[in-house]
Amino acid sequence: MAGKRSPAPSTEVEQASLGEILESLGRDVIQVLSAPAGLELPAGEPVIYDPEERSAFSRGDLVLAVGIRPGSGQARRLIELAEESGAGAVVFKTTADNADELRDAASDTVALIAVPEEMTWTQLYGLLSLTRFSASKETSAGIAGVPLGDLFALANAIAGVVGGAVTIEDPSRRVLAYSTLGDQPIDQARRGSILGRQVPDSPGMRALYRDVLAAGGVMYADAEAMKQTLQDAPTELDDLKSRSAVAIRAGNQAIGSIWVVHDAARLDDESEHALAEAARIAVPHVIQARASRDVERRLRAEMLLTVLEGDGSVEEAAARLGFASAAPLSVIAFELASGEPALDELQRERLVDVVLLHCEASYRQSAAVALGQTVYALLEGERALEQSRLVQLAEQVSTHAESRLGAALRAGVGSTVEAVRDVPIARREAERVLGVLRVDAKGRTVASIDDVRSAVVLHELKELSVDHPGLARGKLERVLAHDAEHGTSYGQTLRVYLDAFGDVPQAAERIAVHPNTFRYRMRRLVELFELNLDDADERVVLELQLRFEASESAQSRR
């Protein structure tokens with residue numbers, strides 16, 4: 001079976017060589033461990049290797065060794081398969097501890113490439129797909145000659161003119177592109193932002209970016225001053241270098257920013273002027289890139305909705321998103337907690353990004369989409385997804401969303417299903433969990449279907465009773481009507497009696513009356529309303545009807 005491949009381009013384009021792709025990605029991202037056939041061979045498609053499906057490769061393919069440890073028997077077998085098929089390279093995730101093991105397994109024909117553990121496979125797959133057909137494009141000299149929308153080429157052009165390492169970011173501090181020219185100044189903060197696609201969040205970081213977006217021109221940030229400002233940032237600051245930054249503005253609106261890391265204390269006047277001019281030239285590029293990204297987001301959103309709703313070509317939509325037709329899947333649904341204002345379009349997009357960022361870091365395949373005020377995440381695992389791990393992931397997303405967006409969330413986790421056709425079941429369960437959390441007496445904001453299944457069943461029965469009012473009729477109606485007319489509390493007495501499984505002393509204690517008083521009330525209750533509490537069926541019906549009534553009272557109080 002074929003592995004996951006990037007879509008074929010719509011027109012014939014000269015393919016980039018393996019060396020051009022590696023140069024485009026830069027040494028922050030990728031490292032060549034061995035290249036016995038050289039780096040001038042045309043690079044094929046990125047293909048995700050699935051050891052269970054024994055994915056087939058074509059000549060020149062870039063094979064992504066997902067989930068395979070360097071130095072293992074699986075790794076050696078994969079390299080042998082790549083040699084047999086003529087693949088161009090095999091890409092492994094490595095650490096400083098196991099890179100040497102991979103070098104020892106070097107092939108006679110296939111290049112071995114390493115990426116850091118922090119890099120997600122989804123991110124790498126996207127970067128390889130993009131650079132494969134863009135790395136060899138001819139561009140005229142200078143910033144003005146960059147093809148419209150090619151932000152990586154723009155970052156390189158700016159870096160060449162200004163003389164520093166460049167990142168281009170959107171208003172939510174997401175890294176859109178970065179320069180890859182040789183001998184650029186690098187620090188851990190830049191490397192971490194590139195690998196994570198996102199500048200780490202902290203109050204100090206938010207303040208720094210507010211200053212940049214509010215500045216009228218280029219803002220200089222001294223390394224030592226930034227260390228003081230960013231002490232609360234979750235990133236390494238020991239080797240932090242100075243930076244210059246400028247906002248990218250479309251009219252009065254800031255649509256992004258350009259950051260330059262430089263060794264010198266600050267840019268000279270000519271470079272600072274060039275950076276300001278680059279921000280002006282970058283406007284149509286960012287708008288074009290954002291438009292392309294919006295189209296892609298809409299297409300992926302439509303495909304994910306097809307899977308969540310179970311309508312149409314579910315398997316085809318799932319396959320285009322990268323999901324297997326038969327694999328463990330689950331759904332997490334997120335919504336704003338009670339009392340929060342509605343999300344605007346930008347906040348919804350940022351929330352989807354936050355959800356997706358955390359999901360991609362935890363599961364091999366994931367997708368997210370906003371539908372109304374709810375954000376759904378679809379997750380695929382290699383084996384049954386553990387509810388406790390999914391709840392932990394939902395809690396992490398909620399914490400991050402509150403700190404970054406100021407939005408308190410509720411999250412409901414559905415159960416694991418074994419095929420994409422059953423995803424709507426997991427989605428409905430996640431929604432049911434949210435319904436329970438909205439009126440949860442314990443004040444929980446995150447739960448799985450297993451945590452609240454009894455309450456979910458009761459909610460479903462309550463909804464059923466709306467269309468079938470006969471389910472709520474019977475002897476209990478007379479009890480409650482009598483209480484309303486005469487000011488008695490027979491309904492409460494019956495409720496605590498059933499809750500205590502008929503234990504009179506315990507029930508009496510719950511409503512602070514003497515057991516003999518409670519027994520008298522129960523005798524009157526049975527006589528007045530002809531109850532037969534020895535009948536198990538009648539007890540079950542009364543219990544359910546009492547819970548329906550309690551649910552209605554709780555909702556009316558809210």
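Let me begin with burial: a residue counts as buried under 20% relative accessible area, as exposed over 50%, and as partly exposed in between, with a 1.4 Å probe and protein chains only. By that definition Trp-259, at 5% relative accessibility, is buried, and Tyr-209, with a relative accessible area of 7%, is buried too.

Please keep in mind that this is a predicted model, in which local features need pLDDT of at least 70 and side-chain atom pairs count only at pLDDT 80 or more, while totals for chains, interfaces and linings use all residues. Residues are numbered from 1 along each chain as its sequence is written, and side-chain values use heavy atoms, with hydrogens and water left out.

Now to the aromatic pairs, of which the structure holds three; rings of Phe, Tyr and Trp (its six-membered ring) pair if their centres lie within 6.5 Å, and planes under 30 degrees apart count as stacked, over 60 as edge-to-face and the rest as tilted. One of them joins Phe-152 and Tyr-178, whose ring centres are 5.2 Å apart with the planes at 75°, so this pair is edge-to-face. Tyr-209 and Trp-259 form a tilted pair, with 4.7 Å centre to centre and 35° between the planes. Because Tyr-209 belongs to helix α7 (residues 203-214) and Trp-259 to strand β10 (residues 253-261), that pair ties together parts 50 residues apart in sequence.

Turning to the interior, a nonpolar core is a set of buried Ala, Val, Leu, Ile, Met, Phe, Trp, Tyr and Cys residues joined through side-chain atoms within 4.5 Å. The largest has 53 residues, and Ile-158 and Ile-258 have the most contacts inside it. Helix α9 (residues 269-309) gives the most to this core, namely nine residues. Apart from it lies another core, of 27 residues, including Leu-336, Val-355, Ala-368 and Ala-370.

Finally, helix α16 (residues 490-499) and helix α18 (residues 515-529) pack at an angle of about 110°, with their axes 10 Å apart; axes are lines fitted to C-alpha atoms, for helices over the stretch in contact, and angles run from 0 to 180 degrees between N-to-C directions. That makes α16 roughly perpendicular to α18, since angles of 65 to 115 degrees count as roughly perpendicular, under 35 as roughly parallel, over 145 as roughly antiparallel and the rest as oblique.

Definitions and conventions
Helices (H or I, at least four residues) and strands (E, at least two) are DSSP runs, numbered from the N terminus.
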